[in-house]
Every structure is written in structure tokens, then in C-alpha cells.
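Please look at the sequence and the structure below. The paragraphs that follow take up a few local features in turn.

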Amino acid sequence: MSASPRDLDSEMQVDKTPDRTLPVTQSNGKDTSPTVNHCSTLMEVDASHPAPVAPSFQGPITVCSMQHSWALRDHRLYCNSETWDRGGVEEVWGKEPSEGTNGQVIDGERKNKESLEQLTDMIHEFLESFYMKYGSFNPLSENDVLEHLKKKGNTHLSNRSLDIKREMTRYRAGLASAPIAGFMLSYNKHTLGLEDLSTLEEQNWLNDQIINMYGELIMEATQHKVHFFNSFFHKQLVAKGYEGVKRWTKKVDLFSKWLLLFPIHLEIHWSLITVTMATKTISYYDSQGIVFRHTTDNIMKYLQSEAREKQQTAFQKGWKITIIKGIPQQRNDSDCGVFVLEYCRCLSMRQPLLFSQEDMPRIRKRIHKELCDCRLND
């Protein structure tokens, strides 16, 4: 038969087995063991009062990590990546949490953020000055930015959050639609605008203005021991003969130079003719292996006429013509002008021709900088 809750509660009994109590000895030696003897009794429960109910859940329980650090150690170790090797386990288990740890981390993050902001500001300042000086970002490279930061004392650049390429891209994008109005570059009667400099970008063909001003820089760099002829010279020579160009060297003694450079532009292709005065040798350089023999004949006839005009008997005969082979060759249809300028630069500096097609993007950037700096860079 089922019983009511009150009947069941009334029949609950306490364990009749006496408790074993351990004696307690005080400092004076007296035994103070309790003598309470638990006997069997019936425990009555007042059912008139309901049992207390636990309060509902009010929110998360907060555990103080300082008081319960030992209890949470295994959890910290588990959550800490890369600490399950021997050294990592010993390090985590061997350390107590420090009140200054969080402060040091926050301070380090703050300093790192400030350093990043300073470096970013320096990069933006450099990019602005670069843009104003060169008229565009075409000759810009990441190494330019790194060199600038090093000059400013940032030799290590340990801030891993610094992404120079990203900052360059962001800054360039912001100025892409705002070219410098009226940008103009002048040097020794040569003038270049942004349209001229843009021929140095990517796969564009170089124009006469770029070729001629760069030739001026070559003459300056060699203290005029090398003479660079204007790119229009050969066209004028073919059109009007020696009489049409003899005034071009009225103030120049060609026979005192050690090297003459003649850039030849035939419709859509650039090639180069050089003259070594000491050996009376006319050499032909072409980055596609094409030979326009009539151009070397034209230059030889011009030199003979110039020798007679300047009364240089030794140079009126004895000239020889050579076609130079085994030189760097282009593998596209757009870099012939760049190859010609690099031929000129290396030959005038008595340097070997060790460049290749892969160097063209770098050489284009360097030429752009040299033109804006008005000097050849080392």
C-alpha cells in the first residue's frame, strides 16, 4: 500500500551505530574527548513548512584566477598552444600568474602600435616627396622605401605588422587619379614632361626626348670624353648630306674624343653605332640582330668629310666597320630603345654588357630616376 509523505517522513530513523570519536588532547595534556552517545531516536520532520528551493541561475560564476590558480593550471596549460613539450610544460607549471603580466603585454602592444604608426607616417612622407620629385611612382621600388627608413635610423625594422608593399599600393591608389599638373624637367636645353617619362613605363617605346637627354647625362658623366649625337642627326644626314649637319659639331672636336655614340632610329626600331677614335673602328650594335649596313656607311662618309673640314688628315682614310655579335638581345618588340641606352651607358663607362631581357624593368626604373636626378647613378 502506498503511504503518504507524512507517514514516510515519520518512519525515517537515524543510524543506531555509535560514531567513533577521536580523542583530542589540549596543550595541558587533558583529554577532552566528547562523551556524547548517539542512540536510536525517531526523527520527526515538520512537513508543514516546505523545503527551501535553490534560487534560479542568475549568471556566470566568476572565479578569481589569483586564488584558484592551482586549480586552473591544467586548464591554462591545455589552452596554451605549443606547451605540451617537456620545456613548455615545465615553464607553464613552474610559473605563478603575475599581476604585472597583463600590464606588460598591454604596454608592449601600445608601443608596437605607436612604432607602426610612426613608420607608416615616415613611409607616406617619403612617398609624397618621391611623387613630387619623379612625377610618378613608375621608378619606385620597395628597396627605395627600405633605404629611406634606414637613413632615418630604422636599421632593424623589427615591426612585423609593417607591410611596406601594402602601404605603397594604398598610397599609389590614392594618387592614381591626381597626377602632378604641369610637371616639367629641364636640363641643358632638354625638357621632359610626364608624357615623355611615361614612355619608360612597362612595355612602352622610348621617344627621342628620353634618348637625347640620357645621352646628355652620359657626356656629363664622362667629362665629355664621349660624344653622344642627337637622335635626329642621322635622319638629317640622310636627308641633307654633310652640309646639312656640319654645323652640329661647330664647337666640338670629335677627333679628341675617345668614343662617339650615334643612336639610329629607323621607323620603329632603335640601334646603335659607335666609333672608337683611337682605332678608327665603326661598330654596329642591334638588340634584335638586325643589320642596316647603309647606316654604318653613312657614318663613315660623314667622318671622312668631317676630317677634311677640320683638316685631320689621319682620319680621312683607314676606317673599318664591324658588326658586334654575342651581345644582350631583347625578346620582345618594345625594349630596343632601353637596350640602346644600356649599350651606351656600359660602353661609355668601359663596363661589360652583362644585362639581359629580365633586367629591363629594373633598368627602366633606373633611367627614370637618373633623368629626374640629372645624373647617372652608381
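In this predicted model, the buried residues of helix α8 are D208, I210, I211, N212, M213, Y214, G215, E216, L217, I218 and M219. That makes 11 of the 14 residues of α8, so the helix is mostly covered. Helix α8 runs over residues 208–221, and at 1.5 Å a residue it should span 20 Å. The C-alpha atoms at its ends are 20 Å apart, which agrees with that expectation.

Most residues other than glycine have a negative phi.

K280 is not a glycine, yet its phi is positive, near 50°. K280 sits in the loop that links β5 (269–276) to β6 (281–285). C374, also not a glycine, has a positive phi of about 60°. The segment after α12 (360–373) is where C374 lies.

K189, R247, K250 and K251 form a positive surface patch. One of these residues, K250, is placed in the loop between α9 (233–240) and β4 (259–266). K250 has a relative accessible area of 60%, and since the cut-off for exposed is over 50%, K250 is exposed.

Definitions and conventions
Residues are numbered from 1 along each chain as its sequence is written. This is a predicted model: local features need pLDDT of at least 70, side-chain atom pairs count only at pLDDT 80 or more; totals for chains, interfaces and linings use all residues. Side-chain values use heavy atoms; hydrogens and water are left out. Helices (H or I, at least four residues) and strands (E, at least two) are DSSP runs, numbered from the N terminus. The expected span of a helix is 1.5 Å times one less than its number of residues. Buried means under 20% relative accessible area, exposed over 50%, partly exposed in between (1.4 Å probe, protein chains only). Patches are made of residues with over 30% relative accessible area and no salt bridge: like charges are joined within 9 Å, nonpolar side chains (Val, Leu, Ile, Met, Phe, Trp, Tyr) within 5 Å. Accessible areas come from the Shrake-Rupley method with a 1.4 Å probe; for residues, only the protein chains shown count as cover. A salt bridge is a side-chain nitrogen of Lys or Arg within 4 Å of a carboxyl oxygen of Asp or Glu. Lys and Arg count as positive and Asp and Glu as negative; His and the chain ends are not counted. The place of a charge is taken as NZ of Lys, CZ of Arg, CG of Asp or CD of Glu.
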